[in-house]
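Subject: Structure handover

Dear colleague,

Here is the structure you were expecting, with my notes below it. Please read them with the model open.

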Amino acid sequence: MRSFTYERAASPAEAARAVATTQGAKFIAGGTNLIDLMKLEIETPTHLVDVQDLGLDRVEETEEGGLRIGTFVSNTALSAHPRVREDYAVLTRAIQAGASGQLRNKASTGGNLLQRTRCAYFYDTNMPCNKRKPGDGCAAIDGFSRQLGVIGTSDSCIATYPGDMAVAMRALDAVVETVKPDGTARAIPVADFHRLWGDTPHIETALEPGEMITHVRLPTPLGGQHFYHKVRDRRSYAYALVSVAAVIQSDGTGRVAFGGVAPKPWRSEAADAQLPNGAAAVVRTAFADARPTEQNAFKIPLAERTLAGILAEMRS
Amino acid sequence: MEFNAPAGENLFDRAKIVGKSTPRIDGPLKVSGRAPYAAERHDVAANQAYGWIVGAGIAKGRIRAMDLDEARRAPGVIAIVAATEHEPVASSDFNYAPLFGGREVSHYHQAIAVVVAETFEQARAAAGLIRTSYTNGEGTFDLKKAAPGAPLASDRPSDSAKIGDFDAAFAAAPVKVDERYTTPDEAHAMMEPFATIAAWDGPKLTVWTSNQMIEWSRQALASILKMDADNIRVDSPYIGGGFGGKLFVRSDAVMAALGAKAAKRPVKIAMQRPLMFNNATHRHATMQRLRIGAERDGRIVAIGHENWSGNITGEAGENATLQTPKLYSGANRLIANHIAQLDLPEGNAMRAPGELPGHLALEVAMDELAEKLGMDPVELRIVNDTQGMVPGEPDTKLSDRNLTRCLREGADMFGWSKREARPGRSRKGRWLTGMGVAAGYRAAPTMKSGARVRMTDRGQLVVETDMTDIGTGTYTILAQTAAETMGLPLDAVRVELGDSSFPVSAGSGGQWGAASSTAGVYAACVALRRMIGEKLGFDADAATFDGGRATLGVESWSIRDAGALTAEDSMTFGEFKKDYDVGTYAGHFAEVKVDAYTGETYITRMLAVCDAGRILNPLSARSQVIGGMVMAAGAALTEDLHVDKRFGFFANHDLAGYEVPVHADIPHQECVFLDTLDPVSTPLKAKGVGELGICGPGAAVANAIYNATGIRVRDYPLTLDKYLDRLPAIA
Ligand SMILES: Cc1cc2nc3c(=O)[nH]c(=O)nc-3n(C[C@H](O)[C@H](O)[C@H](O)COP(=O)(O)OP(=O)(O)OC[C@H]3O[C@@H](n4cnc5c(N)ncnc54)[C@H](O)[C@@H]3O)c2cc1C
Ligand code: SF4
């Protein structure tokens with residue numbers, strides 16, 4: 001880990017300005033991902049701007065009946081919030097399927113959206129990795145890729161966005177609210193927040209340099225039944241092989257997003273439309289362009305079977 | 001004292017303390033964080049500096065250059081010892097690849113430098129500034145490719161044996177199984193990483209470290225650093241898990257010693273977790289072939305177990321055939337253990353080396369045979385229990401073996417009779433449920449073990465031995481043994497462990513520690529009793545020691561009246577033991593539910609019924625067995641060092657990628673000990689249990705998965721991707 005300087009900003013715009021104008025600066029929230037990466041020198045910020053004092057630690061009701069979540073609301077607090085449990089149960093379940101109790105106490109909403117991939121080669125600085133070092137090559141494509149992406153990947157990078165919370169947020173069509181260094185705000189649908197890797201796997205989100213997440217907005221509740229099934233090798237404290245977030249209405253229509261398969265929570269409206277036709281139809285549509293490796297091809301049938309299990313539970 | 005004949009009736013048969021469930025005497029220190037582990041020994045040496053080990057970035061090749069300038073200029077840096085500027089250290093009897101290698105790199109993350117700085121953070125930061133360039137060499141990393149040409153193990157002739165005419169008998173057998181199984185490389189993944197504080201005082205070196213075998217390690221350090229062992233002190237009173245990974249000196253101790261010499265200050269190193277998987281030793285992967293032929297009544301007529309593994313040494317490897325000659329009868333036998341040379345990190349012992357993967361194959365093959373025979377798998381094992389002999393060793397006697405009881409009583413306790421024998425037929429909603437069984441065998445060796453006992457003039461007893469407590473409960477069983485032998489209450493005994501200035505013990509390994517070290521403490525206590533008797537004028541061997549007094553006939557003495565005394569002795573084990581096979585046995589049972597949609601496996605119940613002689617402390621013995629069962633569950637379901645065959649290293653080298661079981665994976669576990677005694681083992685008639693608990697449960701889980709799903713997977717770990725396509729069709 002390199003040495004760094006540290007400050008606590010007084011307002012979101014100031015924080016954004018500080019990050020934009022200080023060479024090598026980054027935001028820090030709970031630190032549960034960033035500090036680990038700094039220890040390994042995968043991230044080497046020279047200056048950290050802490051977002052904890054900005055009053056962004058509340059969940060508020062919006063006028064249209066949704067929720068507005070401050071970026072510093074912890075995963076624990078968000079998943080336990082009565083309105084979230086009542087109206088956005090898929091989100092509660094997704095968050096609680098992630099990490100551990102201790103980590104969720106520290107992990108923030110914005111930080112969770114921005115957690116980086118868990119590709120083993122990304123984590124080993126002796127290995128070639130385009131995401132760590134653009135143009136370096138990708139050790140995973142012909143290597144240990146069992147956990148990695150099957151769709152939306154590229155010849156440069158086949159890593160996944162590994163998190164859970166965002167998969168539920170994608171099913172809910174949440175919106176990420178930000179402030180830019182010049183003080184202007186913008187709203188980015190979660191659907192557009194994470195980028196596909198393409199030739200630039202080191203650029204992972206739609207955020208501009210210094211742009212800070214202030215809130216995540218949940219639209220009005222969808223009703224329906226909420227499911228989050230995270231399939232993993234052990235029963236807790238592991239990243240998803242595949243996860244499925246689904247909100248299903250009594251008429252069989254609904255929404256479904258997949259985690260652990262792509263650079264972003266994977267959902268398409270065309271696949272949603274297949275829900276009444278069953279899991280196979282949804283997965284066929286959602287994964288039509290899949291390019292799995294030999295090691296991770298199982299993720300596609302696994303996604304189908306996981307969704308089928310949810311639909312069976314829905315029926316019973 | 002020599003143990004030279006089976007034990008007769010003795011004081012332990014009337015024991016009041018030994019054999020009773022006793023909470024750990026070191027428990028309060030541990031739960032309150034006051035038991036100092038190696039890296040926490042801030043008081044042992046003033047002015048400690050911090051070391052950070054740099055690991056090689058390639059698996060095989062040569063270091064071209066190391067640019068150390070920037071690191072040397074970094075804040076707080078006191079010294080850097082680097083491979084390009086230092087002689088390679090020598091080897092030892094306990095490691096092959098040099099622990100600090102010079103320019104030749106023999107495995108990934110081999111130590112190539114240590115940076116010593118004023119703070120931990122400065123050492124780590126400076127290490128990040130070292131730039132190393134390499135010339136890559138060619139290496140062999142693929143066991144599957146290397147296996148066909150791998151020679152038979154040469155170092156141990158018993159590793160390959162033929163008895164009778166295996167080929168003919170197998171060919172003629174009416175019912176047979178011929179299957180291949182693989183088990184992956186595994187990591188010890190102990191909670192406490194390697195950690196050492198090293199300090200020099202002139203020619204004398206002290207290492208406060210975390211190590212299972214104090215004397216081995218003192219000798220190894222002497223070889224590696226080319227110094228006189230008498231100038232080395234090793235101290236390791238508390239160990240946060242070892243599982244065989246800390247049987248040997250590793251690079252933390254060597255680099256701390258070299259760093260301390262260069263810095264002219266004590267140096268502390270706690271190895272960073274990402275280095276723990278490739279720098280350390282590991283359990284070797286195996287490929288196994290099992291051929292078992294039986295008569296229609298289930299009696300085995302031919303049993304063949306072939307094993308392939310690889311090691312950097314081209315020797316030793318993982319001998320998965322170990323249990324096979326011991327568990328089942330059968331007149332025609334084949335054992336073959338092949339070892340390939342691989343350039344992966346050095347493999348070595350991990351909890352039940354050989355037997356853990358051996359049971360994962362053999363005990364599944366037995367399940368497959370039972371199914372082909374249409375026989376209950378518990379019955380098949382009982383029919384083939386060796387009943388009073390070691391197959392192929394007609395001259396070897398069995399000491400005490402109750403495998404059939406383990407299986408029968410286990411089956412009763414577990415509700416085995418409720419098992420649906422037809423696989424894949426028990427489904428409730430989305431859950432497929434099943435039960436599995438496996439037998440377990442692990443040898444119960446003993447090794448010479450010494451101790452010193454000091455009685456103070458206040459009648460307190462201090463036990464000193466270089467024996468270690470690796471979380472196993474050694475402190476407590478040694479206190480129990482001393483208290484029992486001296487007739488003192490448990491709280492009158494203090495136990496000091498792990499210091500090479502104490503008498504040499506058996507150490508902790510191979511499940512020999514508990515049996516050997518309690519015998520050693522017993523020997524020292526008998527010597528002390530004799531000194532007391534001499535002092536006070538009675539025949540100590542004839543007297544009874546109880547309640548702080550010795551009694552002989554109508555006379556009685558307070559042992560305190562003998563004043564302060566110190567006695568030292570060792571227990572050695574006589575030739576007569578060579579005539580016996582001394583083993584421990586278990587019946588392991590598991591129940592699982594498997595999600596019919598996703599293939600996720602949940603273990604719901606586990607039971608081990610163990611036959612291991614006198615159980616010295618049922619409370620801590622139970623912890624050992626259930627800990628073994630957890631580790632076996634990991635071996636069956638999740639643990640897997642993924643070999644990157646291009647770069648030659650274990651790619652998932654942290655605890656996020658190497659998945660040991662977590663609480664949610666571990667269900668209700670039960671462990672029952674049969675009330676048995678083994679007079680051939682030690683005067684206490686006790687044997688080890690620490691490795692018995694891992695021998696078999698993994699296969700019981702695998703067999704339960706088969707019983708639940710009807711799907712047999714023979715490549716461990718049994719992750720769902722290996723059988724997803726064979727699960728019931730979904731609507
Ligand atoms: C052992 C372990 C297991 C885990 N398992 C899971 C799991 O199963 N599922 C899962 O979903 N997650 C898992 N996680 C990841 C965890 O959820 C994330 O580490 C956490 O959510 C990150 O939040 P944080 O507040 O600590 O972020 P930080 O580490 O503080 O920051 C992460 C990134 O976000 C940036 N950032 C933070 N706040 C803002 C902001 N307001 N605006 C712009 N940028 C910002 C930082 O600069 C940094 O790049 C696991 C983590 C660990 C360590
Ligand atoms: S998959 Fe992506 S993160 Fe992994 S090594 Fe390749 S480029 Fe790096």
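B:Ala632 sits in helix H14 of chain B, which runs over residues 618–637. Its relative accessibility is 0%, so B:Ala632 counts as buried, the cut-off being under 20%. B:Ala699 lies 67 residues from B:Ala632 along the chain, yet their C-alpha atoms are separated by 8.4 Å.

Bear in mind that this is a predicted model. The predictor gives the complex an ipTM of 0.97 and a pTM of 0.98. For chain B the mean pLDDT is 97, and 99% of the residues in that chain reach 70 or more.

Just after H13(B) comes B:Gly537, with a positive phi of about 85°.

How many of the 13 residues of H12(B) are buried? The count is 13 of the 13, so H12(B) is largely enclosed by the rest of the structure. B:Gly487 follows H12(B) and has a positive phi, near 65°.

Now to the ligands, starting with ligand 1. It is surrounded by 29 residues, and the closest are A:Phe27, A:Gly31, A:Thr32, A:Ser108 and A:Asp164. By type, the shell around ligand 1 divides into 13 nonpolar, 11 polar and 5 charged residues.

An oxygen atom of ligand 1 lies 2.9 Å from a polar backbone atom of A:Ala99. A nitrogen atom of ligand 1 is 2.9 Å from a backbone N or O atom of A:Ile213. A polar side-chain atom of A:Tyr239 is 3.0 Å from a nitrogen atom of ligand 1. On its own, ligand 1 has 980 Å² of accessible area, and the protein covers 94% of it. The elements that give two or more residues to the shell around ligand 1 are, in chain A, strand E2 (25–28), helix H2 (34–39), helix H7 (109–113) and strand E8 (212–218). Which element gives the most to the shell around ligand 1? That is E2(A), with 3 residues.

Ligand 2 has 14 residues around it, and those that come nearest are A:Cys119, A:Cys129, A:Cys138, A:Cys157 and A:Ile158. The shell around ligand 2 divides into 11 nonpolar, 2 polar and 1 charged.

A:Ala171 is found in helix H8 of that chain, residues 165–172. Is A:Ala171 buried or exposed? Its relative accessible area is 0%, so A:Ala171 is buried. A:Asn130 is 41 residues from A:Ala171 in sequence, and their C-alpha atoms are 30 Å apart in space.

Regards

Note on methods:
Residues are numbered from 1 along each chain as its sequence is written. Chains are lettered from A and ligands numbered from 1 in the order in which they are written. This is a predicted model: local features need pLDDT of at least 70, side-chain atom pairs count only at pLDDT 80 or more; totals for chains, interfaces and linings use all residues. Side-chain values use heavy atoms; hydrogens and water are left out. A residue is near a molecule or strand if one of its heavy atoms lies within 4 Å of it. A polar contact is a pair of N or O atoms within 3.5 Å; within protein, one must be able to donate a hydrogen and the other to accept it, and residues adjacent in sequence count only if both atoms are side-chain atoms. Accessible areas come from the Shrake-Rupley method with a 1.4 Å probe; for residues, only the protein chains shown count as cover. Helices (H or I, at least four residues) and strands (E, at least two) are DSSP runs, numbered from the N terminus. Ala, Val, Leu, Ile, Met, Phe, Trp, Tyr, Cys and Pro count as nonpolar, Asp, Glu, Lys and Arg as charged, and the others, Gly among them, as polar. pLDDT is the predictor's confidence in each residue, from 0 to 100. Buried means under 20% relative accessible area, exposed over 50%, partly exposed in between (1.4 Å probe, protein chains only).
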